[in-house]
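Hi,

Here is the model I promised to pass on. Have a look at it first, and my notes follow below.

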Amino acid sequence: MTEDILESLRIEAPEQAMALLNPLRADIAARLAAPASAAEVARAIGEAPQRINYHLKALEKAGLVRRVGTRQVRNLVEVLYQAVAKTFILSDQLGMKPETVRRLKDQGSLSHLVQTAERIKQDALLLMEHSDEGQDIPSASLQFQVSLRDAEERHAFVEEYAALVRQLTAKYRKPANEAEPADPYQVVLAVYPQIDQSSGGND
């Protein structure tokens with residue numbers, strides 16, 4: 001039932017960009033790397049299924065998610081949706097002014113950062129519950145700072161950073177049909193300006 005999806009999709013249509021810049025719709029799309037129903041997504045993020053279904057229809061209309069099948073649940077038939085790509089990248093060729101595209105990218109990145117942070121928090125709380133039950137939970141986190149002078153240098157850093165991580169994860173990605181499958185681990189990356197707490201501005 002799971003269909004192959006793109007690693008990334010460059011967003012060039014303004015209607016697609018606006019759909020993804022809705023924080024809830026971006027969160028829904030991010031959770032659909034594997035097929036899921038509106039009810040499943042609603043339970044995961046604590047929303048009403050009717051509201052999730054409404055946004056799923058909008059994402060489907062924009063060509064960002066697609067129906068991949070159905071499933072019988074008791075006396076109901078649930079429609080399963082899947083995102084068309086794991087990540088979405090806003091194109092500079094959106095037919096908008098460069099400053100507007102930049103603001104959209106910044107807003108979208110910050111929305112995704114907030115959603116990712118919330119997901120990490122929820123996952124960590126669930127893992128802590130397992131830890132309280134005596135189960136050993138191996139995990140690791142890294143934090144460091146870099147100095148980036150301008151937008152060009154920031155872009156170059158992110159590109160190289162992502163390329164190195166993709167190379168590393170590819171090395172440790174195991175085939176699904178491996179005789180002894182490895183336990184899956186979630187890897188999350190984030191880059192954002194450090195906040196000066198004393199002045200409320202960026203360093």
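**What I found**

The largest nonpolar core holds 22 residues, and Ile28, Leu32, Val41, Ile52, Leu56, Leu64 and Val65 have the most contacts inside it. By nonpolar core I mean a set of buried Ala, Val, Leu, Ile, Met, Phe, Trp, Tyr and Cys residues joined through side-chain atoms within 4.5 Å. Two or more residues each come from helix 1 (14-20), helix 2 (23-30), helix 3 (38-45), helix 4 and strand 4 (76-83). Helix 3 gives the largest share, 4 residues. Helices (H or I, at least four residues) and strands (E, at least two) are DSSP runs numbered from the N terminus.

Before going further, please note that this is a predicted model: local features need pLDDT of at least 70 and side-chain atom pairs count only at pLDDT 80 or more, while totals for chains, interfaces and linings use all residues. Residues are numbered from 1 along each chain as its sequence is written, and side-chain values use heavy atoms, with hydrogens and water left out.

Not counting residues up to four places away in sequence, His55 touches Asn22, Leu24, Arg25 and Ile28. With Arg25 there is a side-chain to side-chain polar contact at 2.7 Å. A polar contact is a pair of N or O atoms within 3.5 Å; within protein, one must be able to donate a hydrogen and the other to accept it, and residues adjacent in sequence count only if both atoms are side-chain atoms.

Now the strands. Strand 3 (residues 65-73) pairs with strand 4 in the antiparallel sense over 8 bridges, where pairing requires DSSP to find at least two bridges. Arg67 stands opposite Tyr81 in strand 4. The two strands form a hairpin with 2 residues between them, and Arg74 in the turn has a positive phi of about 55°. Arg74 is exposed, at 77% relative accessible area.

Lastly, helix 6 (residues 151-172): at 1.5 Å a residue, its 22 residues should span 32 Å, which agrees with the 32 Å between its end C-alpha atoms. The expected span is 1.5 Å times one less than the number of residues. At the start of helix 6, a side-chain oxygen of Asp150 comes within 3.3 Å of the backbone nitrogen of Glu152.

Best wishes

Notes
Contact means heavy atoms within 4.5 Å. Buried means under 20% relative accessible area, exposed over 50%, partly exposed in between (1.4 Å probe, protein chains only).
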